[in-house]
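Me: I am new to this structure. Can you walk me through how to read it, one feature at a time?

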Amino acid sequence: MSEKVTLSLGQAIERGDLNALVGILKDEEVKRKEEFKSVIQKKWNDGASLEKSELQELGFRPSEFSDNISAHPFFPVFEAMEQVEGAFQILSSSFQGFFASYGQFHAGALYGNADFSRASRDSMQQIFSFAFAAFSLVQAYRKLESRSEAYKSVKDSIFNECFGDADLTSFLQELRNSYGHVWLFSPEPSISQDLTEGTIETALTVSSRLLLEKGDWNEGARRFIERSVEIDLLGVVKEYYAGAKKFNRLYANRSGLVSSDGYLELRRCFLARETMG
C-alpha cells in the first residue's frame with residue numbers, strides 16, 4: 001500500500017496538480033482563520049481592544065464574523081442583550097398593531113359604520129399577539145439574568161419602579177397561558193355617546209365573571225380580575241407596555257452594561273462589519 005504524499009504549494013504548482021493545490025489553499029485558509037481568532041481572543045481575554053487593522057480584517061470577512069466575535073468574554077451577555085432588544089421590538093410592533101386595529105373601530109364609531117364583529121375578531125388576534133410577545137420578552141430577560149450578575153443585581157428595583165401594579169402585570173402575563181392552553185376569549189367592543197358634550201367613546205372589554213369561570217389564573221391575576229365587573233383591555237395593554245418600555249430604557253444604564261468595556265468593544269466590531277463588510 002503506497003503512502004500518501006503531501007506536496008508543498010510550490011510542488012503542487014510545479015506538477016500542475018489542481019486537487020493538491022486546492023487542498024493546500026483550503027488548509028492555509030483554515031490555519032489563517034484559526035490564527036486570527038486566537039490572536040483577537042487573547043487580546044480580549046487580556047482586556048485589550050482590537051487595533052484598527054484587526055477591526056478592518058474582522059469587517060472584511062463577514063462570513064467569519066459571528067464565529068470571531070463569539071470569542072469575546074462578554075459575548076454571551078451581549079447576545080442576551082440583543083435578544084432582549086429584538087423581543088422588545090416585537091412587543092412594540094404588537095402594541096402598535098393592537099391600537100391600529102382599535103383605531104379602525106373607533107373611527108367607524110365616529111362615522112356611524114362601526115364593525116363590531118370585525119373589531120372583536122381583530123382585537124382577539126392582537127391581544128393574542130401582544131400576550132405572547134410579552135412572554136417572549138420575559139424569557140429574553142430571564143436569559144440575560146442567567147448570564148449577567150450586573151443585570152441581576154438591579155432588576156428587582158427597576159421592575160418595582162416600572163411595574164407598579166403587580167397584579168395587572170400578572171394578569172397580562174397569564175393571558176399567554178389562557179390563550180395558549182385554556183380559552184380563547186373575544187373582547188367585547190362597545191360604543192357610548194355623551195349627548196350633552198356631543199362626544200363618542202369606545203372600549204374593548206371582557207367580562208370578569210367569564211374570565212374567572214373559564215380561565216386558569218394565578219393568585220395575582222385573579223386579584224386583578226376580581227377588582228371590577230369587566231376588564232378594560234385597552235388600559236391593561238397600555239399600562240403594561242408603558243412599564244415594559246420604561247424597563248427597557250432603564251435596565252442597560254442602571255446595570256452599567258451599555259457602558260462596559262465589553263459592550264463598547266463589541267459595538268466597535270459591529271460598526272466595523274457595517275462599514276467594511
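**Reading the fold**

Reply: Start with the whole chain. This is a predicted model. Of the 277 residues of the protein chain, 40% count as buried.

Me: What does the secondary structure of the protein chain come to?

Reply: Count helices and strands separately. The chain has twelve helices and three strands.

Me: In what order do the three strands form the sheet?

Reply: Read across the sheet, strand by strand. The order is E1-E2-E3, in an open sheet with antiparallel pairing. Strand E1 (188-194) and strand E3 (230-232) are the edge strands, and each pairs on one side only. Neighbouring strands are turned by 45 degrees against each other on average, direction ignored.

Me: Over how many bridges do E2 and E3 pair?

Reply: Strand E2 covers residues 199-207, and its antiparallel pairing with E3 runs over three bridges. For a place to look, find Thr 205, which stands opposite Asp 232 in E3.

Me: Which strands does helix H5 touch?

Reply: For a helix on a sheet, look at contacts, then direction. Helix H5 (residues 75-110) packs on the sheet and touches E1 and E2. The direction of H5 makes about 130 degrees with that of E2.

Me: And where does helix H6 lie?

Reply: Helix H6 (residues 116-147) lies across E1 and E2. H6 runs at about 125 degrees to E1.

Me: What share of contacts join residues at least 24 apart?

Reply: Take contacts between residues at least 6 apart in sequence: 74% of these join residues at least 24 apart.

Definitions and conventions
Residues numbered from 1 in each chain as written. Predicted model: local features only at pLDDT ≥ 70, side-chain atom pairs only at ≥ 80, totals over all residues. Heavy atoms only, no water. Pairing = 2+ DSSP bridges. Helix = DSSP H or I, 4+ residues; strand = E, 2+ residues; numbered from the N terminus. Axes fitted to C-alpha atoms, helices over the stretch in contact; angles between N-to-C directions. Contact = heavy atoms within 4.5 Å. Buried < 20%, exposed > 50% of the residue type's maximum accessible area, 1.4 Å probe, protein only.
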